[in-house]
Amino acid sequence: MKPLNIVFYASAKPREIVLAKALAEGCKRHGDKVEIRWTSDYGEDDQENDLKYAGPSSDTDVACSFGVKGKSLRIICDHLAVNKSTLLFDKGYTRQKGNDETGHTKYSRISVNAGDPSAYMMLIKRPGDRWRKTEVTPSEGRTESRNGPILICGSSAKYHAFHRLEDPTRWAQTLVSRLVKLTHHHIVYRPKPSSKLPSVTGASYSGSNNSIRDALHGCHVMITYGSGASLDAIVSGVPVITLGVGIALPVSETILENVKKPFWPDDALRSRWFSAVGYCQWTTEELRSGEAWSELKYEIIRQGKLS
């Protein structure tokens, strides 16, 4: 197989530059090459004039971008449309703090050809080594809070724009209106803490003054489109209803009408999912060593998107 050409579209934020350079080192160890380009040079300007990189380059095999923001959606969609592979980077699922000065998490979640890895993460039965390294200890099973509140975990406006969803407050309000017709459980709405979004009618408000673990305490179920907080719910023994896509989709209920008795994974499935999550996030050093690229390259080849 010929060496792969990877392009990492990065902003000027230090964490993105650090990740791009680490990936470049790791890819080089496998005989592949990474070029770092500025995200601001991609696409068109406000007057619809082509910028330095108007679209995918013909010799690009894999395009990388960070976060559900700015031009990330355009970069991902443009490359997928012409049969190029993509990697989407973001903060780690388990959110431990990193040891450098960039403000990035210890781990980076990295998804192949999608916004999340739910479509392929369970195809290989993974060992539990990487999950154990996170030192996150799950509850022994489901917490029995069948009369507890329903927690709605929202996402940012950028996330909604990336997934082509309606305004997050309107989305939450519509969801509450549907829920009150299905159940008498108390409803709590928790928008993404950093988003500072307003409350919605018919639900209590959970703000940034309490942690996600505190918000989940005693809950009957958590509902989300695809928030990473769904991992916290499964860890805490709280069932999840995933209405879109997201890391917890393989262990989630997906039908809102089942809110009274949502799906809960058995111990074997839950354990297998935790192990799979461990292979969906990587440290910067693992990017640098080439360990992460070995796994990511395998998945890229498996999906067959290389031209």
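Okay, some housekeeping. Residues are numbered from 1 along each chain as its sequence is written, and side-chain values use heavy atoms, with hydrogens and water left out. Since we're on a predicted model, local features need pLDDT of at least 70, side-chain atom pairs count only at pLDDT 80 or more, and totals for chains, interfaces and linings use all residues.

Let's start with the open space. By pocket I mean an open set of points on a 1 Å grid over the protein atoms alone, with protein on both sides within 12 Å along at least five of seven lines; a cavity is a set where a 1.4 Å probe fits but cannot get out, and lining residues have an atom within 4 Å of a point. Points are joined across faces, edges and corners, and a volume is the space filled by probe spheres set on them.

The largest pocket comes out at about 1200 Å³. It has 48 lining residues, and Asp90, Lys91, Arg95, Arg109 and Lys192 are the closest to its centre. Helix H4 (157-162) is among the elements giving two or more residues, and H4 has the largest share, with four. Helices and strands here are DSSP runs, H or I of at least four residues and E of at least two, numbered from the N terminus.

The search turned up one cavity of 30 Å³ or more, and the largest cavity holds about 180 Å³. Of its 15 lining residues, Tyr120, Arg126, Tyr279, Glu295 and Glu299 sit nearest the centre. H10 supplies four residues, the largest share of that lining. Glu299 is itself in H10, residues 291-303, and is buried at 8% relative accessibility. For the cut-offs, buried is under 20% relative accessible area, exposed over 50%, and partly exposed in between, with a 1.4 Å probe and protein chains only.

Out on the surface, Leu123, Ile124 and Tyr298 make a nonpolar patch. Ile124 is in the loop between strand E5 (107-112) and helix H3 (129-133), and is partly exposed at 31%.

Terms used:
Patches are made of residues with over 30% relative accessible area and no salt bridge: like charges are joined within 9 Å, nonpolar side chains (Val, Leu, Ile, Met, Phe, Trp, Tyr) within 5 Å. Accessible areas come from the Shrake-Rupley method with a 1.4 Å probe; for residues, only the protein chains shown count as cover. A salt bridge is a side-chain nitrogen of Lys or Arg within 4 Å of a carboxyl oxygen of Asp or Glu.
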